[in-house]
Amino acid sequence: MTDIEIANSTILKPITEIATKLGIAADDIISYGNYKAKIAADTVRKARNAKRGKLILTTAINPTPMGEGKTTVAIGLADGMAQLGAKVALALREPSLGPCFGLKGGAAGGGHSQVAPMADINLHFNGDLHALTSANNLLCAMIDNHLHWGNKLDLQKVYMTRCLDLNDRALRSIHIGKGKVNGPERDDGFIITVATELMAILCLARDIFELRKMCGDIIIGENSNGEFICARDLKADGAMAVLLKDAILPNLVQTLEGTPALVHGGPFANIAHGCNSIVATETALGLADYVVTEAGFGADLGAEKFFDIKCRKAGLSPDAVVIVATMRAIKYHGGLDNLRVHVENMQMYGVPVVIALNRASETTAEEEKQISEFAAQMNVEFALISAWELGGAGAKDLAEEVISATNKKSKMQLLYDDDMPLLEKTRVIAQKIYRVKDIILSETVLEKVARFEVAGFGKLPVCIAKTPLSLSHDAKLLGAPHDYEFPLQDAFLYSGAGMVVLTAGTIMRMPGLPEHPAAENIGLDADGEIIGLF
């Protein structure tokens with residue numbers, strides 16, 4: 001059976017029953033039909049102040065282009081823990097429409113290890129991404145309207161760009177305002193919604209009031225004196241917050257086995273910080289004894305940013321890290337060296353590590369023994385997982401190892417201090433996580449970073465944008481490259497989200513569709529049911 005056939009054949013529990021598992025009354029959720037809801041703001045506030053459960057981060061080795069089932073493992077792990085009697089919740093990212101209709105697929109898990117209703121989650125869900133798209137494009141519209149009506153702010157360079165939550169390469173570079181009545185002409189472009197600063201803001205804001213402030217802090221451009229101009233100067237922050245007042249509330253759904261799942265926010269990890277929202281994670285921690293979350297792509301991207309950006313901002317401290325691997329990815333990278341680096345990197349943060357070998361690709365008994373012996377050499381725990389085929393029952397061994405790991409003493413430490421200069425932070429990440437000889441800085445990076453620090457943004461964390469397919473900046477450098485030069489081409493100030501983004505290699509913020517996109521196989525059957533969606 002396909003993922004969607006498995007999902008459609010499962011009888012889901014009413015969302016009020018799922019809320020009850022977390023101690024949430026029916027009046028404390030905002031239902032979006034029978035199987036989806038948002039958690040009310042008062043409940044979110046109470047949960048934030050409650051005693052926190054234990055936090056488990058799920059990450060991975062560098063994946064193959066097809067992915068290694070990290071979300072599937074995270075969901076299976078939560079179901080396995082629930083089968084052991086634990087009070088557990090998931091805190092996951094929500095999918096983008098771009099990959100759903102493109103090549104990579106959605107982000108709701110797979111097989112018998114899914115969050116549901118799968119089709120709803122992968123498509124429009126509860127409207128969060130539409131709200132983000134509208135708020136971002138409202139700001140862009142207000143910028144061009146301001147230019148049309150005299151430009152009192154003396155805006156000379158515009159940094160903001162429009163967005164759309166679809167893969168559409170034709171919109172990467174456009175020219176707007178042609179014609180006398182259509183506003184000033186200028187070059188513009190679109191990026192995918194999940195790559196916007198506003199998505200990062202949604203995932204790093206604690207509530208709607210902090211979100212409004214962060215929206216106001218977005219730098220939209222500069223004037224003729226080179227001074228930064230913010231969205232607040234344009235008086236756009238209030239309207240943006242109004243559009244996002246529901247989007248900031250975490251979404252409540254369930255796994256196919258009825259485990260509560262908070263699915264909220266979804267920034268790309270190769271561009272932004274790749275983690276679900278702080279709001280959802282903190283809410284889950286206040287409602288459950290164990291919370292399983294994830295960070296995008298391999299540990300070099302998602303996990304590093306989870307620690308050094310999300311945990312720094314929210315004061316979170318994971319109790320265990322699960323590194324997902326498949327034999328397919330291990331062979332793709334030429335052996336165990338890639339996994340070794342990721343284990344060493346996670347140990348550097350001082351958190352107990354468990355290796356989960358996902359049987360998504362075929363494995364032999366000898367290969368499983370090899371990975372088990374490797375884990376013992378690295379002084380970490382190991383478990384096989386077959387959640388795709390068996391759901392929570394296929395993850396019980398992993399669940400037991402993870403619960404045991406959370407009972408060990410976690411001594412989480414961040415990679416760098418706030419007071420360290422931006423380029424030194426970048427060098428620390430590159431040398432310790434990517435194992436480079438040194439970073440190579442373009443003139444653009446040198447000029448921009450110097451300006452960011454003079455303007456008072458030097459204490460922000462650094463977010464490196466690069467390929468997810470390699471530890472390095474080059475997707476062709478597989479395995480565990482080391483002592484190489486790491487070129488950085490550009491830098492962007494996400495003053496609203498509170499980070500500085502530096503790009504290594506070619507980073508595409510508006511993907512294109514493949515020759516044969518997944519959209520070609522998606523449709524409705526004779527009964528009006530969705531088919532072809534995985």
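Student: Which residues line the largest cavity?

Tutor: In this predicted model, the lining is made up of Glu94, Pro95, Ser96, Leu97, Ile121, Leu123, His124, Phe125, Asp128, Leu129, His130 and Asp165. Helix α7 (residues 128-148) gives the most, with three residues.

Student: What makes these lining residues?

Tutor: A lining residue has an atom within 4 Å of a cavity point, and the residues I named, His130 among them, line the largest cavity. That cavity has a volume of about 70 Å³, and the search of the whole structure finds two cavities of 30 Å³ or more.

Student: Why is strand β17 called mostly covered?

Tutor: Buried means under 20% relative accessible area, and six of the six residues of β17 (residues 320-325) are buried. Ala320, Val322 and Val324 point one way, while Val321, Ile323 and Ala325 point the other way, and all are buried. In a regular strand the side chains alternate between the two faces of the sheet.

Student: How do you know that β17 pairs with strand β3?

Tutor: Two strands pair if there are at least two bridges between them, and β3 (residues 54-60) and β17 have five bridges, in the parallel sense. Threonine 58 stands opposite valine 322 in β17. Five bridges also join β17 to strand β18 (residues 353-358), and these two run parallel. There, alanine 325 has leucine 357 of β18 as its bridge partner.

Student: What makes β7 and β13 the edges of their sheet?

Tutor: Their open sheet has three strands in the order β7-β12-β13, with antiparallel pairing. β7 (155-158) and β13 each have a single partner strand, so one side of each is left without a neighbour in the sheet. The twist averages 45° from one strand to the next.

Student: How do you know that β7 pairs with β12?

Tutor: The test is at least two bridges, and β7 and β12 (residues 219-223) have three, in the antiparallel sense. One example is lysine 157, whose bridge partner in β12 is glutamate 222.

Student: What is at the start of helix α9?

Tutor: A side-chain oxygen of aspartate 207 reaches to within 3.1 Å of the backbone nitrogen of phenylalanine 209. The cut-off for a polar contact is 3.5 Å, and within 3.1 Å meets that limit. Further along α9 (residues 208-216), Leu211, Met214, Cys215 and Gly216 are buried. The buried residues of α9 pack against α8 (197-204), β13 (228-230) and α10 (237-243).

Conventions
Residues numbered from 1 in each chain as written. Predicted model: local features only at pLDDT ≥ 70, side-chain atom pairs only at ≥ 80, totals over all residues. Heavy atoms only, no water. Buried < 20%, exposed > 50% of the residue type's maximum accessible area, 1.4 Å probe, protein only. Helix = DSSP H or I, 4+ residues; strand = E, 2+ residues; numbered from the N terminus. Contact = heavy atoms within 4.5 Å. Polar contact = N/O pair within 3.5 Å; in protein donor to acceptor, adjacent residues only side chain to side chain. Axes fitted to C-alpha atoms, helices over the stretch in contact; angles between N-to-C directions. 1 Å grid on protein atoms, 1.4 Å probe; cavity = no way out; pocket = protein on both sides within 12 Å on 5 of 7 lines; lining within 4 Å. Points joined across faces, edges and corners; volume = space filled by probe spheres on them.
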